[in-house]
Amino acid sequence: MKRAISVGSLEGRVVIELENASLLTPSSFPIKNVSFEADSPIDHECENFSLDVIKLRSKVLSSIKVVVLSTKINLLLPFGPMAILVDKLYHSHGWVFLFSLLGIIPLAERLGYTTEQLAFFTGPAVGGLLYATFGNATELIISIHALKSGLIRLVQQSLLGSILSNLLLVLGCAFFAGGLVFHKREQVFNHADAGVDFGLLLMAVMGLLFPAVLHATQTESEYGKSQLSLSRFTSCIMLVAYASYIVFQVKNLNNLQVPVDEDKSFNEDTSNDEEAPEISMWESMIWISILTGGISILSEYLVNTIEGASKEFEMPVSFLSVILLPVIGNAAEHVGAVMFAVKDKLDISLGVAVGSSIQISMFVIPFCVVAGWMIDCPMDLNFQPFETTSLFMSVIIVAFMLQNGTSNYFKGMVLILCYLIVSASFFEHIDPMSVEDNPSTAG
């Protein structure tokens, strides 16, 4: 009885052990699942972290590719560090000035591009303010540095030169190039918008003319103070007028888009595809900060070396400020206006040339006067009779050229020749303010 029981229990034990052993087979026991579940929290975190790093690296590389490597003008970027090295090692003001000027060109062009990308994520009103602020950020940054150094004439002459180069040289080259490509017909642009723009330009000329005449005729109620008070009051009025102009442009654009959106839904879809942003909003803001910082650094070198460069190159400071600085500094913008004219998009060329002139005359110049007021720098709108007359004649000539809403290569050639006359005049011009500061230059 006991033997049978022991045998039975032995058989039962063998059966149980065999059943338990069958549970240890790979097919029945999930060894991998148990070990994976034991390490899953750490592995999961490491895997997420590595994926985030890969995504971040890919996004940074993609952003650098779009902003830095997508245009050939960035080949000029090394001139920025070269300007700093030359200043530290050789102290050659002429080469530092030239390298700084060349280094600012791609930074200014990319700043305009990133501002345009950021405008995709804002409304029309905010987009207009962005263009007003960063559209001529290079001139604004250079002017602020010059104001801090007390170089008021440099601010006045460089801003005047930007207006003259845009109105005569840029617009003339655009008309000339577009006229050669489309020589069998005249190119047409929006005559109504051009009339509004030149109304604002004439208002800017009036704002610069009265302080100069007031000082030249010695009819100030308080000599040396009245022109400054008038300049500050006029600057505030001009800023209000420019803000109203931005609001008017935004509302006018919205009104013009309504019938187009209703009648041409297919064109709307294609335009949306063409105008899709290439970088995100945060990327645009980061790039704007980086580019603005780079322009600010090079602008400081530019301002500090312009007088030394004038002596090394044997050129008047007024010529460097009015002619050389605006032409080279805005080279990318100038080329863009010409390319649009060649593609028969003359309204865009006018927007670049005339629109930039309006921004400088109605926003940047009054802003510099107000900024100088805040830092106790006597920046005023008295640009001296010679400079003010040059601006007045340029605005009148361009207004007559655009009065019928058409352009051809001959009109462009006339504007270019006018700019050459202005350039030669400033090369021979002796700034009376610089003579007062340094009487030895008069001889």
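Q: What makes Y242, Y245, F363 and F367 one aromatic cluster?
A: Y242, Y245, F363 and F367 form one cluster of aromatic residues. Rings of Phe, Tyr and Trp (its six-membered ring) pair if their centres lie within 6.5 Å. This is a predicted model, in which local features need pLDDT of at least 70, side-chain atom pairs count only at pLDDT 80 or more, and totals for chains, interfaces and linings use all residues. Residues are numbered from 1 along each chain as its sequence is written, and side-chain values use heavy atoms, with hydrogens and water left out.

Q: How many aromatic pairs does this rule give?
A: The count comes to eight aromatic pairs.

Q: Why is the pair of W95 and F99 called tilted?
A: Planes under 30 degrees apart count as stacked, over 60 as edge-to-face and the rest as tilted. The ring centres of W95 and F99 are 5.6 Å apart and the planes stand at 45 degrees, so the pair is tilted.

Q: Why is F99 counted as buried, and why is W95 called partly exposed?
A: Buried means under 20% relative accessible area, exposed over 50%, partly exposed in between (1.4 Å probe, protein chains only). F99 has 11%, so F99 is buried; W95 has 48%, so W95 is partly exposed.

Q: What makes F175 and F189 a stacked pair?
A: The centres of F175 and F189 are 6.4 Å apart, with 15 degrees between the planes, which is stacked.

Q: Why do F175 and F189 count as buried?
A: The relative accessible area is 0% for F175, so F175 is buried; at 5%, F189 is buried too.
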